[in-house]
Amino acid sequence: MKPQPKRAVLLLLSAPSGGGKTTLCCRLREEFPDIFYSISCTTRRPRQGEVDGRDYFFLDMEEFRRRADRGALLESALVHDYAYGTPRAPVEEALRAGRDVLMDIDVQGAARIRDLLRREPQSLLGRSYVDVFIMPPDEATLRRRLEGRAQDDAATIERRLHNALEEMRWLDQYQYALVNDNLEAAYDRLRAILLAEHCRVIAGRNA
Ligand code: ADP
Ligand code: 5GP
């Protein structure tokens, strides 16, 4: 019997801050431990409990620029006043090894990757790419979740809420959108997307 072929998927998740990316990413990584999580670089300070090299690579602006200038970042963007970027080599290496890759990236970064891939649809990244926009059920719930997370001061929460409304406008650029209302239901939707995308037939995949 022929085994089910499995396409390696580059799964990019975006959501307004507090939308639930981190929570959903953790669930996915627990269930699919082989998935490669792309650790981003950022110039923001670590939050309590965050570990350099596990949650982010925490860099100063000079080092961030150096990496961007030598082409080591697949994309980069300014988010909430800090620079964020995705290291390129680890993502390509994981896909080459047939592993799924999970990325948590803002709407600007996702747009940059899409632009890149439009020019190279047959590249390793282009053939693996899937993006999902995660939406909070409504503004009041988003505020409650940001406040409940207790990681940001009031001014930061206001800025993130303001940015959230802007970010929602990018929704129709994504292949999939899911509402993170009930966590179990949202996770089931995300999981279903990944499993279906494993089975997608890509023309010229073996070319
Ligand atoms: P993001 O990474 O997108 O900023 P988080 O995953 O940190 O968002 O979620 C923000 C807060 O909301 C966290 O405290 C998290 O536990 C909580 N949260 C996430 N999803 C849900 C949900 N479906 N129901 C209730 N609380 C949730
Ligand atoms: P946080 O500081 O709350 O962890 O993340 C803030 C925002 O930055 C989130 O929207 C997150 O998706 C985004 N982000 C994290 N890493 C990257 C990255 O490498 N590139 C881009 N463009 N955005 C990122």
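Helix α4 (residues 107-119) has 13 residues, which should span 18 Å at 1.5 Å a residue, and its end C-alpha atoms are 19 Å apart, in agreement with that. The expected span here is 1.5 Å times one less than the number of residues. This is a predicted model, where local features need pLDDT of at least 70 and side-chain atom pairs count only at pLDDT 80 or more, while totals for chains, interfaces and linings use all residues. Residues are numbered from 1 along each chain as its sequence is written, chains are lettered from A and ligands numbered from 1 in the order in which they are written, and side-chain values use heavy atoms, with hydrogens and water left out. Helices (H or I, at least four residues) and strands (E, at least two) are DSSP runs, numbered from the N terminus.

**Around helix α4**

- Which residues of α4 are buried? They are Val107, Gly109, Ala110, Ala111, Ile113, Arg114, Leu116 and Leu117; buried means under 20% relative accessible area, exposed over 50%, and partly exposed in between (1.4 Å probe, protein chains only).
- An α-helix has 3.6 residues a turn, so residues three or four places apart point the same way.
- Those buried residues of α4 pack against β1 (10-14), β5, β7 (101-104), α5 (124-128), β8 (129-135) and α7 (154-167).

- Strand β8 is mostly covered, with seven of its seven residues buried.
- Both of its faces are covered: Tyr129, Asp131, Phe133 and Met135 are buried on one side, and Val130, Val132 and Ile134 on the other.
- In a regular strand the side chains alternate between the two faces of the sheet.
- β1 and β8 run parallel and are joined by five bridges, with Ser14 partnered by Phe133 in β8. Strands count as paired if DSSP finds at least two bridges between them.
- β8 also runs parallel to β9 (residues 176-179), with four bridges between them; here Val132 has Tyr176 in β9 as its bridge partner.

**The four-stranded open sheet**

- Four strands make up an open sheet in the order β4-β3-β6-β5, with mixed pairing.
- The edges belong to β4 (57-58) and β5 (73-79); each has a single partner strand, so one side of each is left without a neighbour in the sheet.
- Helix α3 (residues 88-96) packs on this sheet and touches β5 and β6 (82-87), with its direction at about 30° to that of β6. Contact means heavy atoms within 4.5 Å; axes are lines fitted to C-alpha atoms, for helices over the stretch in contact, and angles run from 0 to 180 degrees between N-to-C directions.
- β3 (residues 41-42) pairs with β4 in the parallel sense over two bridges, and Cys41 stands opposite Phe57 in β4.
- β3 pairs with β6 in the antiparallel sense, again over two bridges, with Thr42 opposite Tyr84 in β6.
- β5 and β6 run antiparallel with six bridges, including one where Leu73 is partnered by Pro87 in β6.
- These two strands form a hairpin with two residues between them, and His80 in the turn has a positive phi of about 45°.

**Cysteines**

- How many disulfides does the structure hold? It holds zero; a disulfide is a pair of cysteine sulfur atoms within 2.5 Å.
- For Cys26, the closest cysteine sulfur is in Cys25, 7.0 Å away, which is too far for a bond.
- Cys26 is partly exposed, with a relative accessible area of 38%, and Cys199 is partly exposed too, at 44%.
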